[in-house]
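Colleague: I would like to learn how to read a model like this one. Where do we start?

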Amino acid sequence: MAHAHESNTKRIWVVLVLLTVITTVEVVLGIIKPASLHLTSILGTSPLNWIFIILTLVKAYYITWAFMHMEAEHKWLRRSVVWTSVFLICYLLTLLLIEGSYLHSVLAPLVKW
């Protein structure tokens, strides 16, 4: 079955703009570090970290969706690829937060942060 050649210029620009906006928000929040987001704690870490985690998951999901051409695949293949990636990223982030919290509590008396 032959596929008609379609121009993906608009799609490429949409992906570029979306990923640029998300990355810009991350960088600006990382530079500014608002005290209300940085010095409080929700579920063991700061709201700023949760914002970074959520934005990272959104970018990972969109990159998988756009660059792996998931929109043209069958529904269950899309779900198995995308949700497995999202689950593994969440699992890795949880382990990093737990280990980072432990290291901070152990090393805090010894190291000037």
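Modeller: With the term helix. Here a helix is a DSSP run of H or I with at least four residues, and a strand is an E run of at least two. The model is predicted. By that count, the protein chain has 4 helices and 0 strands.

Colleague: In which pattern do the elements follow along the sequence?

Modeller: The pattern is α-α-α-α. The radius of gyration is 19 Å, well over the 13 Å that the globule rule gives for 113 residues, so the protein chain is more spread out than a compact globule.

Colleague: What does the C-alpha trace span along its principal axes?

Modeller: About 65 × 30 × 20 Å.

Colleague: How do I read burial?

Modeller: Compare relative accessible area with two cut-offs: under 20% is buried, over 50% is exposed. In this protein chain, 18% of the 113 residues count as buried. The accessible surface comes to about 8900 Å², and carbon and sulfur atoms hold 72% of that.

Colleague: Give me single residues. Is isoleucine 31 buried or exposed?

Modeller: Exposed, because its relative accessibility is 67%, over the 50% cut-off. Isoleucine 31 sits in helix H1, residues 9-32.

Colleague: Which residues is serine 46 in contact with, leaving aside neighbours within four places in sequence?

Modeller: Leu37, His38, Thr40 and Ser41.

Colleague: How do contacts look over the whole chain?

Modeller: Take pairs at least 6 apart in sequence. Of their contacts, 49% join residues at least 24 apart.

Colleague: Which residues does UniProt list for "transmembrane region"?

Modeller: The unreviewed UniProt entry lists 12-32, 48-68 and 80-103. Over residues 12-32 the chain is 100% helix and 0% strand, with end C-alpha atoms 30 Å apart. Residues 80-103 are likewise 100% helix and 0% strand, and there the end C-alpha atoms are 34 Å apart.

Colleague: Last one, charges. How far apart are the mean positions of the positive and negative charges?

Modeller: They are 7 Å apart, for 8 positive and 5 negative charges.

Terms used: Residues are numbered from 1 along each chain as its sequence is written. This is a predicted model: local features need pLDDT of at least 70, side-chain atom pairs count only at pLDDT 80 or more; totals for chains, interfaces and linings use all residues. Side-chain values use heavy atoms; hydrogens and water are left out. The radius of gyration is taken over C-alpha atoms; the globule rule is 2.2 Å times the number of residues to the power 0.38. Buried means under 20% relative accessible area, exposed over 50%, partly exposed in between (1.4 Å probe, protein chains only). Contact means heavy atoms within 4.5 Å. Accessible areas come from the Shrake-Rupley method with a 1.4 Å probe; for residues, only the protein chains shown count as cover. Lys and Arg count as positive and Asp and Glu as negative; His and the chain ends are not counted. The place of a charge is taken as NZ of Lys, CZ of Arg, CG of Asp or CD of Glu. UniProt positions are given in the numbering used here, feature names are shortened, and annotations may be inferred rather than shown by experiment.
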